[in-house]
Amino acid sequence: MRGNAWKFSGILDVDWEICSYLLVRQLADKGPVTEEMLGEHCLVNVDPDFPKKVRKGDFVVAGPNMGYGHDHDHASMALKGAGVAAVLCENSAPYFLRNSIDHGLPVIELPGIMAAVDTGDDLEVDLRAGKVVNHSRPGHELTFTPLPDFLLDVLDAGGIYPMLKPRYEGSAGR
Amino acid sequence: MGQTIIEKILARASGRATVAPGDYLEVTTSCPTVMAPHSAMDKGAGLITEWNAKIYDPTKVMLVDGHLGATASHGAAEKRKALREWAATVGVPEENMWDLGRSGIENMVAVEQVWALPGECYFQGVNGHISTAGALGSFASALSFGTAAYLLRGVNWVKVPQTIKLVVTGEPRADCTPRDVSEYVLGQLGPSGAVGAILEWTGPYIDALDMEGRFAICSQALFTGAWTAIMNPDDTTMRWVGERIDTSGLEPQTSDQDADFAAVLHFDVDGLTPRIVPPPQRHEIHDLKDYLGIKINRGFIGSDANGWLRDMNHAARVLKGNTIAHHVILNITPGTPRVLKGAVASGAFTTFLESECVVPTPNEGMEWGANTPLTDGDVCIASAQTNYPGRMGGKTSQIFLANPAVVAASCIAGEIVDPYEYFEGK
Ligand code: SF4
């Protein structure tokens with residue numbers, strides 16, 4: 001994966017900074033909520049132009065406790081909908097990490113990432129090798145322990161449901 | 001090297017002898033799973049019918065309508081109907097449907113029914129506050145977006161967390177609730193003080209606490225970035241459990257003295273005064289005295305932090321013989337039918353009516369704006385869990401979080417006040 005970095009510091013709460021929960025509820029009252037719909041509002045409480053500026057395949061780089069707050073998964077949808085390919089953070093709130101992986105959005109906990117990357121840097125991320133290369137700072141490379149295979153399979157499939165569908169579809173025989 | 005209670009539970013649940021923080025495991029449990037109509041359909045339940053797929057065990061699914069309550073908004077009627085149809089299709093038995101009349105806040109119903117068993121994993125659909133059930137000595141976690149995946153497989157994945165041990169000593173001021181102790185400790189830890197960890201609450205303060213207070217404390221773990229909370233089962237725990245279910249066959253676990261904790265932190269709460277959380281940041285916890293005099297026009301008492309019987313009685317102590325200010329609406333929502341019945345028996349319920357409060361049917365209450373919502377410009381003092389803009393309705397409304405005595409006294413005064421005079425020397 002290769003793309004540009006968008007760096008955010010401070011706490012990013014799933015229900016406010018990443019994507020307003022009030023907005024999700026208002027949208028949900030009108031019908032199904034999609035990743036694309038939420039992507040238009042991704043991180044606007046921190047950077048109002050983010051959804052317009054971010055390009056498909058870019059990375060969000062964040063500090064400690066990324067995705068703080070409730071276990072609401074709309075934040076993972078918003079990031080995906082905005083085109084974010086992966087989140088690289090110092091560490092992650094556990095529900096945000098779980099929900100994101102189940103949605104097919106990689107979240108990589110990588111201490112030192114904030115110091116190693118600036119907004120606009122050209123990054124290359126290899127999930128299986130456990131490697132982040134910052135091409136804007138030659139010689140800068142960070143490594144991490146890759147996720148276990150059963151979770152890499154979830155990411156490869158684009159999420160837990162695309163992965164389970166072929167296995168379980170029709171199993172009730174109703 | 002000894003093991004923490006969480007490591008022992010996860011080792012049992014994954015069929016291993018031992019586990020260590022950082023291990024990725026696939027785990028199972030004999031506990032049922034709770035789902036709620038407000039979110040079940042969009043969190044994958046719909047996929048099960050769409051795919052014509054089989055649930056691993058439909059008798060293990062409990063459908064508890066805690067969030068909607070008697071609201072007319074949020075598409076409640078349609079969601080309730082859709083869930084009933086779903087249950088019939090996938091084979092969830094009628095008696096597993098906890099609808100209006102016997103429903104309440106999902107976490108609270110789950111611990112009252114002891115669906116979360118000491119020594120086991122307990123998984124619930126969407127709801128990070130299920131850490132509440134950790135007070136029973138269970139590893140309690142939400143499944144969230146992974147709910148349907150669990151229903152299909154009967155297997156969940158976890159990354160073994162680190163454990164942070166909290167040791168609490170001292171006796172807070174009489175107008176505090178366990179919530180204030182929890183807020184104080186969370187404030188000290190900060191929002192990133194325990195990212196991904198388990199908070200293991202211990203110490204003389206916890207040992208002396210009743211189960212309701214323990215549940216309330218455990219309910220707030222996620223505000224430190226922690227995954228969930230847990231307490232070691234003791235006589236108080238096993239009495240609560242034994243009054244409700246057959247305890248033979250249970251295997252409660254406890255942490256070893258020499259277990260490997262990521263940190264052991266001590267907190268002295270002696271003489272602690274009530275806390276307040278002003279909007280909009282959930283993790284900025286202050287002393288009530290810094291916010292006195294702010295005019296309010298709305299109040300709410302309820303939620304899994306303060307919707308317990310002990311909280312109803314706490315509020316009634318302030319309200320008895322007083323009425324709330326005429327420009328204020330105070331919504332007091334018991335968390336479950338058990339709490340409501342207890343409030344009737346204790347006289348708290350009559351006090352609420354005499355004080356001119358509104359007492360809706362047990363549910364999450366105003367917590368997420370599903371009944372008596374706020375609108376623009378409202379200022380609310382609430383014993384809820386969260387205060388971010390719009391949580392209870394109204395984009396420019398403001399929510400201050402505090403315990404039921406603070407809420408009750410402030411609603412009488414029409415502004416935020418210190419409730420201590422109602423407790424002093426009594
Ligand atoms: S009471 Fe509030 S915080 Fe607790 S589960 Fe219900 S809505 Fe969530």
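In this predicted model, buried residues account for 57% of the 174 residues in chain A. The chain is built from 9 helices and 7 strands, and its C-alpha atoms occupy a box of roughly 60 × 35 × 25 Å when taken along the principal axes. Because a compact globule of 174 residues would have a radius of gyration near 16 Å, the value of 16 Å found for chain A agrees with that expectation. Of the contacts in chain A with a separation of 6 or more, 65% are made by residues 24 or more positions apart.

The surface and the charges of chain A were examined next. Chain A carries 16 positive and 25 negative charges, whose mean positions lie 4 Å apart.

In soluble globular proteins, nonpolar side chains tend to be buried together. In the present model, the largest nonpolar core comprises 109 residues, of which L10(B), Y122(B), F139(B), L199(B), W201(B) and I381(B) touch the most other members. Helix α14 of chain B, spanning residues 404-413, provides the largest share of this core, namely 7 residues. When neighbours within four places in sequence are left aside, the contacts of Y122(B) include C31(B), P32(B) and V34(B), together with A110(B), W115(B) and A116(B); also among the contacts of Y122(B) are I130(B), A133(B) and the residues S138(B), F139(B), A140(B) and S141(B). A second, separate core contains 81 residues, and among them are V125(A) from chain A and I55(B), L63(B) and F145(B) from chain B.

Technical notes: Residues are numbered from 1 along each chain as its sequence is written. Chains are lettered from A and ligands numbered from 1 in the order in which they are written. This is a predicted model: local features need pLDDT of at least 70, side-chain atom pairs count only at pLDDT 80 or more; totals for chains, interfaces and linings use all residues. Side-chain values use heavy atoms; hydrogens and water are left out. Helices (H or I, at least four residues) and strands (E, at least two) are DSSP runs, numbered from the N terminus. The radius of gyration is taken over C-alpha atoms; the globule rule is 2.2 Å times the number of residues to the power 0.38. Buried means under 20% relative accessible area, exposed over 50%, partly exposed in between (1.4 Å probe, protein chains only). Contact means heavy atoms within 4.5 Å. Lys and Arg count as positive and Asp and Glu as negative; His and the chain ends are not counted. The place of a charge is taken as NZ of Lys, CZ of Arg, CG of Asp or CD of Glu. A nonpolar core is a set of buried Ala, Val, Leu, Ile, Met, Phe, Trp, Tyr and Cys residues joined through side-chain atoms within 4.5 Å.
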